[in-house]
Amino acid sequence: MPARLAQLDPRQALPENRWLPAEPTLPPGPWRLLHGADERDLHNREAYHRLLAFLYVRQGGSLGEAVDYGRWVGSWAPEGTALRVLPLYVYARSYWYRRQRGDDLLARQEWTKEHILRDTMRALRGSFDYPVPKSPGTWSVLDLSHLAHALWAAHHFQDAARVFTAMGPCATHLPWRYVSDVPDKWREEFVRARTQCMSYARNHPPSA
């Protein structure tokens with residue numbers, strides 16, 4: 001499974017980790033294993049996230065390859081699947097990476113760029129809102145957290161408030177640890193964003 005390969009074969013010594021993908025812009029990897037996972041459980045969230053983890057750790061890998069993979073998944077992910085949210089994981093990590101290099105101001109502006117906002121809204125409309133809002137127990141809190149963050153960072157506070165509401169009392173350290181000025185104080189960053197969005201939603205109720 002890609003879960004083990006991402007951790008045990010960073011040098012791609014195993015031949016099954018060097019298969020060429022069908023999409024020529026993507027790097028070699030355990031694509032045949034992913035295909036096998038799809039045959040057993042089509043569009044399995046865990047399998048696609050594990051391939052993303054593989055790209056992060058493999059020898060010779062780069063964040064750019066992970067971004068290309070995230071965009072690729074987002075371009076075809078079916079409505080109603082959690083894969084619609086996967087690109088937001090890559091954008092959050094890219095944001096963190098750029099902050100480490102001192103590009104904080106430019107990184108913050110990334111969330112309003114057309115392609116990132118497009119993927120964010122695809123995740124909202126095609127996953128969170130499809131076909132009807134899901135009950136909180138059917139969602140990955142980590143997916144909700146990434147979606148809430150992307151909407152908040154893009155100033156879509158009304159939509160972000162709906163996602164925060166679905167999270168209930170739950171929170172995850174990512175992606176908030178990536179965006180907090182003090183990573184160990186990610187809870188404060190999370191509460192600040194949630195408070196801002198919930199306040200906005202109360203003061204700007206949707207028109208009938």
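Predicted model: local features only at pLDDT ≥ 70, side-chain atom pairs only at ≥ 80, totals over all residues.
Hi everyone, let me open with a histidine: His155 is exposed, with a relative accessible area of 55%. His155 sits in the loop between helix 8 and helix 9, and its phi is near 70 degrees, a positive value in a residue other than glycine. As a reminder, most residues other than glycine have a negative phi, and most peptide bonds are trans.

There is another histidine to show you. His43, in the loop between helix 2 (31–40) and helix 3 (45–57), has a positive phi as well, near 60 degrees.

While we are on backbone details, a cis peptide bond joins Leu174 and Pro175, with omega about 5 degrees. You will find Pro175 in the loop between helix 9 and helix 10 (176–179).

Now let me step back to the whole chain. How many helices and strands are there? The chain has 11 helices and zero strands. Of its 208 residues, 45% are buried. If you take contacts between residues at least 6 apart in sequence, 63% of them join residues at least 24 apart.

On to the interior. In soluble globular proteins, nonpolar side chains tend to be buried together. Here, the largest nonpolar core has 54 residues, and Tyr69 and Phe164 have the most contacts inside it. Leaving out residues up to four places away in sequence, Tyr69 touches Leu26, Trp31, Tyr48, Leu51, Leu52, Leu55 and Leu86.

Leu83 is buried, at 0% relative accessibility.

Thr81 is buried, with a relative accessible area of 15%. Its contacts, again setting aside neighbours within four places in sequence, are His43, Gly126 and Ser127.

Let me finish with two helix pairs. The axes of helix 5 and helix 8 (residues 141–153) come within 9 Å and cross at roughly 65 degrees, and helix 5 passes helix 8 in a left-handed crossing. Leu88, Tyr89 and Ala92 of helix 5 make this contact with Leu142, Asp143, His146, Leu147 and Ala150 of helix 8. By type, the residues of this contact are six nonpolar, one polar and one charged.

The other pair is helix 7 (residues 114–128) with helix 9 (residues 157–167), packed at an angle of about 50 degrees with their axes 12 Å apart. That angle makes helix 7 oblique to helix 9. The crossing of helix 7 past helix 9 is left-handed. Which residues make the contact? From helix 7 we have Met121, Leu124, Arg125 and Phe128, and from helix 9 Asp159, Arg162, Val163 and Ala166. Those residues divide into five nonpolar, no polar and three charged.

Conventions
Residues numbered from 1 in each chain as written. Heavy atoms only, no water. Core = buried A, V, L, I, M, F, W, Y, C linked by side-chain atoms within 4.5 Å. Buried < 20%, exposed > 50% of the residue type's maximum accessible area, 1.4 Å probe, protein only. Contact = heavy atoms within 4.5 Å. Axes fitted to C-alpha atoms, helices over the stretch in contact; angles between N-to-C directions. Helix = DSSP H or I, 4+ residues; strand = E, 2+ residues; numbered from the N terminus. Parallel < 35°, antiparallel > 145°, perpendicular 65-115°, else oblique. Left-handed = near helix turned anticlockwise from the far one by under 90°. Nonpolar A, V, L, I, M, F, W, Y, C, P; charged D, E, K, R; others polar.
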